[in-house]
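Work through the following exercises with the sequence and the model side by side. Each task is followed by a solution that goes step by step.

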Amino acid sequence: MHYALDLRTFIFSHYFYTGLRIATGVVGLTMLVLQFSDLPTAMTVCIGALSTSLMDLPSTLRHKFNEMLSSVLLCTVVTLIISLCAPFHWLLSIMLVIVTFLACMMVVYGKKAMPLQFSALFVMTLSMENATNVEQSFFHTGLFLAGGLAYLAYSMVVSWFLRSRIKQQVLAEALFELARYINIKADFYDMHVDLNSQFNILVRQQIVLAEKQQASRDLILRDPRNQEDAILVQVHFGMFDLYEHILSTHTDYAILRQHLADAEVLTYLRDMVNKAAKDIESIAYAVTRKRASFASVSYKAEMRSIEAELLQLQQDSLAGKVSEEALDILRTSYGKIVDAIDMIQQLHHATQSVQGPLPVLLGKDMTPFLTQQKYQLGVLVANLRWQSPTFRFAVRAALAISCGLLAADALPYAGHGYWVVLTIAIILKPSFSLTKQRRSDRLIGTLIGCVATALILRFVHEPVALLGILFLATVASPAFIYVKYRYTAIAASMQILLQINLVIPSSGHVIGERLIDTLIGAAIATAFSFVLPSWEYRTLPQLVKNVLKSNQRFLDASNKLMQGKALDDFIYRLSRKRFLDNMSELASTLVRMLDEPVSKHRAVENLNQFIVQNYLVMAHIAALRMLLRRNAEGMPHAAVNLELDAATARVCMTLGLAEHVLDPDSPLPPPGAAAGPSAGATPDADAITVAPQEADQPENWPAWHPLQQRVELLYQDSEKIAVNSAAIGRILAV
């Protein structure tokens with residue numbers, strides 16, 4: 001369950017704060033205008049504020065101002081154009097199609113542009129009923145602009161006062177998702193859970209976690225100014241270090257299950273990891289409440305039980321009853337989990353006060369880590385071609401809106417024909433998967449909202465009580481839009497129907513009309529989702545190649561860091577971020593493809609395995625870093641560096657060959673060449689089998705054999721990546 005769906009965390013989340021801020025601003029501004037003017041004027045101002053509120057998202061003050069101002073200006077232009085064309089039905093129809101096409105083309109600018117695109121379609125549908133003359137159109141547009149600017153000013157003032165609060169809430173959300181990630185890791189020790197299914201669940205949670213961690217970066221790493229910000233920065237970096245350590249806890253769970261199926265130790269490990277997740281949740285709770293966090297979870301019972309089990313298993317191993325390999329894996333896993341618990345304690349301390357100087361990264365340009373939103377005209381123009389998925393979506397949406405207009409004109413009632421068009425704009429999305437999900441949520445939410453409103457109007461007649469319910473619906477509508485859209489659909493239906501009833505008390509029939517219009521709009525959106533589709537499998541080859549390339553860069557950066565050739569871990573962190581971003585994009589595409597018709601599925605099993613194996617490569621690198629860090633004393637550096645160079649060369653060459661299979665035009669990697677132009681000369685991959693000749697034999701170093709075992713696992717998984725890449729290439733070439 002999403003953390004924001006729990007009442008105890010919802011009221012402290014930025015989702016609730018956003019909903020409350022938007023409802024207070026929109027309703028308050030409307031009531032204020034109503035004191036000095038008539039209802040139509042107040043409602044026009046309300047629409048201006050409401051459309052601007054769609055861009056009122058968690059962001060830095062400068063970015064929030066630019067985003068909301070862009071919405072105000074764009075929507076004002078759309079309002080004026082549609083209002084001027086409204087008296088001429090043929091001209092209005094043409095302009096609606098043109099505006100729809102241009103608005104949908106804005107999707108090319110990414111996820112951040114989606115609310116802006118919808119706000120343009122939202123005001124377009126609400127303005128199409130304004131059959132006014134030229135003077136009235138300009139006056140109406142002026143009121144709309146005033147409402148948008150007034151809400152912009154209100155939101156900026158509130159956001160300035162709460163600028164630290166939003167950082168805390170976004171950071172807490174990333175911590176909650178990390179706790180969920182660790183909960184999933186705990187189930188790997190559960191004998192009743194299928195390992196392959198659990199890996200797929202873990203990778204999908206990684207998509208969510210990566211998104212929330214990026215949101216945390218975007219807010220917290222931009223201009224930290226005071227001690228409060230410094231605390232958030234160190235918690236943020238502590239969270240990422242803990243995440244990398246959790247990656248290193250990956251082990252051979254199959255061997256543990258095979259040899260320790262009857263032992264209680266796996267249950268104790270699972271309970272211990274679950275407690276660690278609860279511990280991180282307690283930190284997140286404290287961060288949302290603007291408090292210091294103190295450890296409240298005790299691991300002593302599990303630790304005593306595990307240590308007793310280890311002693312017993314040691315005796316069984318000496319008697320030949322338990323595999324020594326399984327016992328070594330168990331000890332290593334337990335040690336890493338204990339280290340993770342220590343890092344969680346450090347996170348508790350990080351919330352209490354500034355723990356020394358801030359990380360070295362803050363002395364560098366953080367731009368590569370942050371989301372960059374650039375609205376360049378050239379990007380849009382470059383996508384005005386038939387092969388572009390965005391262009392096809394824009395054409396598809398324009399055709400659907402045209403059909404919706406015809407359907408609205410054919411209805412026996414004409415009071416709310418724009419509801420059909422608005423439903424199409426809400427449901428029809430760039431991908432088939434999103435359209436399918438939005439359609440289901442919209443239909444079910446509208447049905448529940450209509451029934452709930454009918455019951456409320458049947459038993460509640462006091463205007464004050466109705467206004468209170470309307471305010472709650474206005475809070476809920478934006479609060480759940482990114483958490484559970486079905487709740488937003490319920491609240492939005494109640495909101496509009498209650499507004500109409502308060503203005504026209506005897507308008508109960510509109511509830512049925514609302515439901516009919518939603519059904520018609522959903523049917524049209526569904527039909528047009530098959531028109532000029534952009535199936536997800538078409539983007540897979542490039543996404544797979546992106547993962548392979550970023551994996552090689554990550555390996556090269558990791559090698560330099562582990563050998564001490566890098567001055568700091570800036571490049572390593574950046575390479576890891578880009579690798580995770582590419583993996584998340586591929587996994588998201590796979591999830592969306594599975595929502596498409598079965599005939600459009602391609603290489604599902606191979607893609608699943610490919611994603612999991614790339615995840616394991618990252619886990620092996622994290623484990624190697626942890627191993628070298630814990631055994632730095634007495635390390636035979638020359639032998640270790642030779643091993644790392646050979647491993648990097650061999651794995652990068654394997655990944656390069658896999659990339660060549662997907663794209664035969666790409667150059668073959670030279671034998672033994674590591675990724676990146678600055679990798680330098682590296683030994684041939686076969687050198688891994690040659691023991692370095694040194695005075696201090698590597699075998700005398702306790703971590704030498706664990707290092708070789710982890711490198712061997714890295715080889716095995718990189719070979720599996722190559723096999724799955726080849727299979728994906730063959731399937732997609734058909």
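**Exercise 1.** Which residues lie nearest the centre of the second largest cavity, and how many residues line that cavity?

*Solution.* Keep in mind that this is a predicted model. Begin with the lining, which is made up of 10 residues, and then pick out those nearest the centre of the second largest cavity, namely Arg 217, Phe 240, Phe 369, Arg 573 and Arg 576. Next, turn to the elements: α10 (227–248) and α23 (570–594) are the ones that give two or more residues to this lining. Sorted by class, the lining of the second largest cavity has 5 nonpolar, 1 polar and 4 charged residues, and the volume of this cavity is about 80 Å³.

**Exercise 2.** Find which elements give two or more residues to the lining of the largest cavity, and which of them gives the largest share.

*Solution.* First, note that the largest cavity has a volume of about 110 Å³, and that its lining includes Ile 182, Lys 185, Val 273, Ala 276, Ile 337, Ala 340 and Ile 344. The elements that give two or more residues to this lining are α8 (163–186), α12 (265–288) and α14 (324–350). Of the lining, the largest share, 3 residues, comes from α14.

**Exercise 3.** State how many nonpolar, polar and charged residues the lining of the largest cavity has.

*Solution.* Sorting the lining of the largest cavity by class gives 9 nonpolar residues, together with 1 polar and 1 charged residue. Lastly, for the model as a whole, the count comes to 8 cavities of 30 Å³ or more.

How values were computed:
Residues numbered from 1 in each chain as written. Predicted model: local features only at pLDDT ≥ 70, side-chain atom pairs only at ≥ 80, totals over all residues. Heavy atoms only, no water. 1 Å grid on protein atoms, 1.4 Å probe; cavity = no way out; pocket = protein on both sides within 12 Å on 5 of 7 lines; lining within 4 Å. Points joined across faces, edges and corners; volume = space filled by probe spheres on them. Helix = DSSP H or I, 4+ residues; strand = E, 2+ residues; numbered from the N terminus. Nonpolar A, V, L, I, M, F, W, Y, C, P; charged D, E, K, R; others polar.
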